Amino acid sequence: MAGNLQHLKDEELSLLETLDHVLNRGLVIAGEITIAVADIDLIFVGLNVLLGSVETIDEVLGQRRERTSGRMKDERGEEKEGGHL
Amino acid sequence: MNLYAYCLSDEATPDMIERAAGVEGAQARMVEHESIKIIVSDFAGERARVTRENIFAHESVIHKILARTTPLPFRFGMVISAARLESYVTTHGQALLAQLSRVCNAVEMGVKIIWDAESLKRAAAESTDGGRIKDAHEIVGPGAAFLEAKRRKVAGDEALRNQAGELARWLQQRLSEAVRESSVRVCPTEGMALAAAHLVERARLDQYRALLSAARDERADLRFLTSGAWPPYSFSELIS
């Protein structure tokens with residue numbers, strides 16, 4: 001785990017720390033926070049360092065899977081059946 | 001047209017966010033209700049996309065305010081109508097001013113301590129065996145093997161939590177002179193002993209950094225991830 005961190009660039013560590021703050025904490029007006037997870041670099045998924053942020057994004061991804069009923073857009077923005085985000 | 005809300009302040013002025021590009025590239029501006037200033041930008045959609053650019057834009061706008069005064073930051077993604085935002089500030093004005101007073105002249109500093117959890121758990125499990133691991137022939141049958149594995153896991157997890165708690169108390173003691181408030185999560189993940197957020201007065205930042213540096217030197221066996229100064233995300237209580 002610690003070894004993985006050594007390979008992260010400063011910019012990537014900075015992004016991880018920023019995500020951990022802005023996605024998990026701060027003022028919330030109940031029922032008003034909605035985010036759309038798109039194209040975020042999932043470099044931290046395997047690291048388990050900032051699990052809070054990963055869980056937050058996983059929750060959102062799970063909700064999106066349910067809402068889109070198995071349809072997703074590929075990189076070109078074209079819809080296709082099935083697959084996982 | 002909705003608004004994207006970044007933060008609240010009682011001292012911000014419009015010049016602090018001159019030419020500040022926010023989420024989706026929109027120009028940040030300030031609105032005011034009940035003597036509370038809210039930093040916002042126009043937002044055409046219903047949901048904020050979690051992209052690298054938007055994340056850093058959100059943080060960049062708030063940091064422009066933080067450079068001069070301490071705001072209460074909104075969590076990323078606060079898309080709201082102007083009417084709803086005004087209602088929120090009007091309804092909770094006194095509580096918001098109290099929170100602004102709580103974080104006045106302070107910033108948030110972050111400390112995460114990373115350790116080798118597997119080694120610690122193994123050592124803890126072995127210590128409950130009197131210093132030895134049971135040989136394979138001593139574990140008879142799948143049931144006994146399952147129970148032995150379960151016992152070792154429970155012993156390891158408990159030892160990990162206890163050690164993390166001790167670490168949290170140790171760190172708090174080392175930094176207490178420079179810290180106004182702390183928010184600590186013990187064992188937020190197995191690989192992380194603790195994740196701490198410290199509210200530190202701006203005038204004490206040098207003292208805080210010196211105390212933290214000394215603490216790191218004391219525990220060279222641990223990995224410290226430090227960050228800050230942040231807006232006080234961990235000290236902005238949720239108000240519904």
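pLDDT is the predictor's confidence in each residue, on a scale from 0 to 100, and a contact means heavy atoms within 4.5 Å. This is a predicted model, in which local features need pLDDT of at least 70 and side-chain atom pairs count only at pLDDT 80 or more, while totals for chains, interfaces and linings use all residues. Residues are numbered from 1 along each chain as its sequence is written, chains are lettered from A and ligands numbered from 1 in the order in which they are written, and side-chain values use heavy atoms, with hydrogens and water left out.

**Exercise 1.** Determine which stretches of chain A keep a pLDDT under 50, and how many contacts beyond four places in sequence the model has for them.

*Solution.* 
Step 1. The mean pLDDT of chain A is 52, and 19% of its residues reach 70 or more.
Step 2. One stretch under 50 covers residues 39-52 of chain A, with 32 contacts beyond four places in sequence.
Step 3. Another covers residues 63-85 of chain A, with 23 such contacts.
Step 4. For chain B, the mean pLDDT is 88, and 92% of the residues score at least 70.
Step 5. For the complex, the predictor gives an ipTM of 0.78 and a pTM of 0.77.

**Exercise 2.** State the order of the elements in chain A, and identify those with the lowest and highest mean pLDDT.

*Solution.* 
Step 1. Helices (H or I, at least four residues) and strands (E, at least two) are DSSP runs, numbered from the N terminus.
Step 2. Chain A has three helices and three strands, in the order α-α-β-α-β-β from the N terminus on.
Step 3. Among these elements, strand E3 (residues 79-81) of chain A has the lowest mean pLDDT, 35, and helix H2 (residues 10-24) of chain A has the highest, 76.

**Exercise 3.** Is A:Thr18 buried or exposed, and which residues does A:Thr18 touch?

*Solution.* 
Step 1. A:Thr18 lies in helix H2 of chain A.
Step 2. Buried means under 20% relative accessible area, exposed over 50%, and partly exposed in between (1.4 Å probe, protein chains only).
Step 3. The relative accessible area of A:Thr18 is 3%, so A:Thr18 is buried.
Step 4. Not counting residues up to four places away in sequence, A:Thr18 touches B:Ile55, B:Phe56, B:Glu59 and B:Trp230.
Step 5. In chain A, buried residues make up 42% of the 85 residues.
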